[in-house]
Amino acid sequence: MSTSTTSRPADGLRDEDTTVSAAAPGAAARKLGGVAGWVDDRTGSAKGVGYLMKKVFPDHWSFMLGEIAMYSMIICLLTGAFLTFWFVPSAGHTIYEGSYVPLRGVSMSEAYASTLNISFEVRGGLLIRQIHHWAALMFVVALTVHMFRVFFTGAFRKPREINWVIGSVLALLAIVEGFAGYSLPDDLLSGTGIRAMQGFVQTAPVIGSYLSWGIFGGAFPGEMIIPRLYSAHVLLIPALLIGLFSAHIILVAMQKHTQFPGPGRTNDNVVGFPVMPVYAAKAGGFFFIVFGVIVLISGLVGINSVWVYGPYDPSPVTAGSQPDWYMGFADGALRLLPGWLEFSFLGVTLSLNIALGALVLLPLVYTVLGVYPFVEAWLTKDKREHHLLQRPRNAPTRTALGMAAITIYSIFMFAAGNDIIAIKFGMSINDITVMFRWGLFLLPPLVFWVTKRICLSLQRRDRDTVLHGRETGTILRSPAGGFSERHEEISAQDRWTMVEHEPVATLELGESVDSNGVAAPDSKTLARRQKLSRFYYGDAVNPVTPAELDQAHHDHHGEAETDAIEGGRH
Amino acid sequence: MNALAARRRHPAAIAILIMLGLILTGALYAAVAPRPADAGTASADTVEMGRGLFLANCASCHGTNAEGLKLGDGDRVAGPTLVGVGKAAVDFQMGTGRMPMTVPGVQAPRMDEIKFTEKEISAIGDYIASLAPGPNVPSEEAVDPTKGDAARGGSLFRVNCAMCHNSAGAGGALTRGKYAPSLSGVIPRHIYEAMETGPQNMPVFSDRNLSATDKRDIIAFLKTVENQPSPGGMTLGSLGPVAEGLFAWVFALGLLVACAIWLGKKAA
């Protein structure tokens with residue numbers, strides 16, 4: 001089933017398909033049709049719904065990573081609504097008289113007391129809280145992995161750059177939403193998180209203290225921050241998330257889904273199954289699978305056990321105070337930044353040791369993400385539409401850049417857990433911090449180089465397999481005593497995925513100076529662009545051309561019986 | 001041999017080889033790993049017996065008169081002086097297996113195996129206490145968790161102890177490889193003695209700082225937290241968001257991706 005009507009080689013595979021003749025609709029179907037007709041008469045929605053129902057989506061497990069994120073978000077919305085029925089977003093003072101003995105008689109905020117109430121008194125409350133928190137973690141995990149998939153397969157290329165930008169904004173909003181939620185229960189850990197946030201805000205040059213004063217409605221902690229974070233967490237950010245997420249999905253439907261290359265798949269078609277009935281069932285079923293897995297985990301594994309932390313009080317702090325993982329990179333940057341980055345002059349303190357990690361890094365990460373498609377399009381000069389995905393090895397420089405970026409991010413993230421690493425692996429926290437600092441500068445180039453070499457080797461191996469077939473491991477001995485390995489030709493189907501990608505070449509410029517010795521306009525810009533193009537495509541390994549394949553077959557002619565290749569000869 | 005050779009390029013071959021290697025390494029290690037020798041001596045009690053034990057087991061680092069031994073390298077010592085540390089310190093250090101220290105390192109770890117009997121430890125304690133007065137081993141009543149107020153102890157614990165030991169007593173890292181150990185499984189008497197004597201990197205919480213009642217409340221809190229079932233399920237070591245994030249990335253994501261692959265493979 002494909003949307004394309006152009007004839008393709010793969011159509012031959014379907015020659016023997018039989019057409020199912022349409023039977024007369026049954027009674028139930030007629031009834032349903034009546035209802036649909038009633039709705040259509042009043043809303044005119046049949047056309048749009050029909051279009052969506054027939055929409056074809058390609059099938060691949062990695063296309064479901066985004067679905068995991070989407071379903072986790074929906075689970076958060078459902079469980080979040082439940083939690084609002086009991087949660088009291090107030091810093092008002094109260095004395096705990098609930099059923100958790102080690103806190104009975106302790107003074108605390110109403111927010112914390114109501115969180116304990118949800119955990120211990122409300123039926124199913126603790127399970128719902130844990131589902132909410134696990135789903136929140138999985139939302140950000142899944143959207144991150146989804147982003148990896150989109151990045152490494154080049155799915156962000158024209159015409160999907162806008163959707164990539166929307167996705168980046170969604171990712172940023174998701175972690176802000178997560179942080180607001182983490183801060184609400186007003187336990188010792190979340191209060192420490194708010195305190196850290198206040199510290200970040202204060203490091204903004206000049207306006208820092210005013211900003212902090214404004215956000216907290218006075219001095220830290222005050223009574224305003226919890227109701228304000230609550231509004232942001234249940235109203236403002238969810239509204240933005242849902243709006244942008246809808247735009248994200250609508251764009252996917254409008255632009256059609258990208259697909260992995262394969263026989264019969266072109267830039268102009270989508271090979272897969274229509275929404276109705278196949279995808280509706282698959283995606284609908286997957287929602288229940290995701291929900292089920294998250295409920296299972298929430299039932300077995302505790303998360304954010306607020307009663308362990310105790311109520312927030314600005315004086316104590318607990319060992320192992322970390323943000324949830326998605327804010328870890330900012331916390332880690334803070335732990336790695338050296339203290340001498342704090343400067344004092346003219347009675348003003350500039351805390352770059354904090355500001356760089358908190359106020360600069362966070363927006364920087366998401367800006368770099370958002371602009372990447374435009375940078376790549378500019379330096380590869382590729383302005384065409386792409387609906388076929390690339391195998392990561394076929395874009396070695398991009399894959400290597402992505403891996404280097406993930407390395408930087410991961411070092412920051414793991415640095416946030418330096419104390420946990422120290423105690424669990426019996427290491428010195430000082431050594432770990434020094435190692436991460438060096439790693440931050442040494443590892444990304446190393447990872448870039450290694451990844452690129454691996455990609456190029458895989459490409460060369462693909463070429464080799466296409467030209468000379470698969471090594472069987474069977475060694476033959478000729479009557480003359482020579483040894484050779486039997487190679488087996490690969491099938492046309494397998495070959496297709498190894499040769500379908502486009503050959504690339506670096507940007508070549510004309511003479512920068514014409515015959516009269518006059519420099520071409522913009523020659524400097526062009527030269528820079530060429531340099532970047534060389535960086536990007538310089539080592540390209542291009543796919544086997546039909547001519548090369550013919551040549552290879554010709555060379556092997558006469559060995560067809562044994563398909564043997566002399567050792568060393570290729 | 002032929003059958004093996006034919007499958008040497010099987011995709012699972014490398015995984016099987018690695019597994020075999022790991023199992024072999026583990027088995028070898030289990031076979032040759034050093035086991036501590038049993039040290040059991042029996043003799044008369046009191047100070048004289050303690051002095052004898054001290055000379056045999058402790059003096060090489062702490063000096064023959066417990067005066068401490070300098071390494072002649074700045075402030076570094078082989079062992080500090082034990083004059084005035086009291087019987088409580090001896091009971092804690094030897095009763096938790098920290099002393100005698102098996103390996104020189106930044107910090108003496110708690111040991112599961114205690115190499116001395118209660119009687120021997122008490123004798124060494126008596127000997128140390130005979131050198132100069134110091135804190136004594138607390139009475140049964142002073143450390144009885146059932147007599148303490150767990151909620152009050154929790155508040156005291158969060159203010160005084162949680163920054164190093166973590167709010168659940170799970171432990172935490174200090175500088176240069178030192179650490180605040182986990183408090184689970186520590187008997188009440190040892191918790192009391194640790195607060196009173198400040199072993200290793202821990203500060204001393206004297207009775208002026210935390211009264212005997214405060215100490216008993218803290219013990220009550222720790223024992224309540226330790227003995228109650230975890231309402232939320234597995235605690236992941238009570239280490240907070242790092243452990244939760246790791247679980248989300250490894251297990252939750254792994255499970256969901258496995259489901260996605262399974263569903264992706266299902267023919268429509």
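The model is predicted, so local features need pLDDT of at least 70 and side-chain atom pairs count only at pLDDT 80 or more, while totals for chains, interfaces and linings use all residues. Residues are numbered from 1 along each chain as its sequence is written, chains are lettered from A and ligands numbered from 1 in the order in which they are written, and side-chain values use heavy atoms, with hydrogens and water left out.

**Domains of chain B**

- Chain B has a domain 1 (39-135) and a domain 2 (138-229), with bounds that come from an automatic or database domain assignment.
- The centres of domain 1 and domain 2 of chain B, taken over C-alpha atoms, are 23 Å apart.
- Domain 1 of chain B gives 16 residues to the contact and domain 2 of chain B gives 18 residues, where contact means heavy atoms within 4.5 Å.
- About 1,400 Å² is buried between domain 1 and domain 2 of chain B, 48% of it on carbon and sulfur atoms; buried area is the accessible area (1.4 Å probe) that two parts lose on being put together, summed over both.
- Phe92(B), Gln107(B) and Arg110(B) supply 43% of the area that domain 1 of chain B buries against domain 2 of chain B, more than any other three residues.
- Two salt bridges are counted between domain 1 and domain 2 of chain B, a salt bridge being a side-chain nitrogen of Lys or Arg within 4 Å of a carboxyl oxygen of Asp or Glu.
- Arg189(B) forms a salt bridge with Glu118(B), and their closest N and O atoms are 3.9 Å apart.
- On the side of domain 1 of chain B that touches domain 2 of chain B, helix α5 (residues 86-95) of chain B provides the largest share, six residues; helices (H or I, at least four residues) and strands (E, at least two) are DSSP runs, numbered from the N terminus.

**Interface of chain B and chain A**

- The contact takes 53 residues from chain B and 66 residues from chain A.
- Chain B and chain A bury about 4,700 Å² between them, and carbon and sulfur atoms give 73% of this area.
- Arg158(B), Trp249(B) and Leu256(B) supply 14% of the area that chain B buries against chain A, more than any other three residues.
- Between chain B and chain A the count of salt bridges is zero.
- Among the elements that give two or more residues to the side of chain B that touches chain A are α7 (150-160), α10 (212-227) and α11 (241-265) of chain B.
- α11(B) gives the most to that side, with 18 residues.

**Backbone details**

- Most residues other than glycine have a negative phi, and most peptide bonds are trans.
- A cis peptide bond with omega of about 0° joins Met276(A) and Pro277(A), and Pro277(A) is in helix α10 (residues 275-300) of chain A.
- The peptide bond from Met99(B) to Pro100(B) is also cis, with omega near -5°.
- Ala66(B), a residue other than glycine, has a positive phi near 60° and is buried at 0% relative accessibility; buried means under 20% relative accessible area, exposed over 50%, and partly exposed in between (1.4 Å probe, protein chains only).
- Gln200(B) is not a glycine either and has a positive phi of about 50°, but Gln200(B) is partly exposed, with a relative accessible area of 34%.
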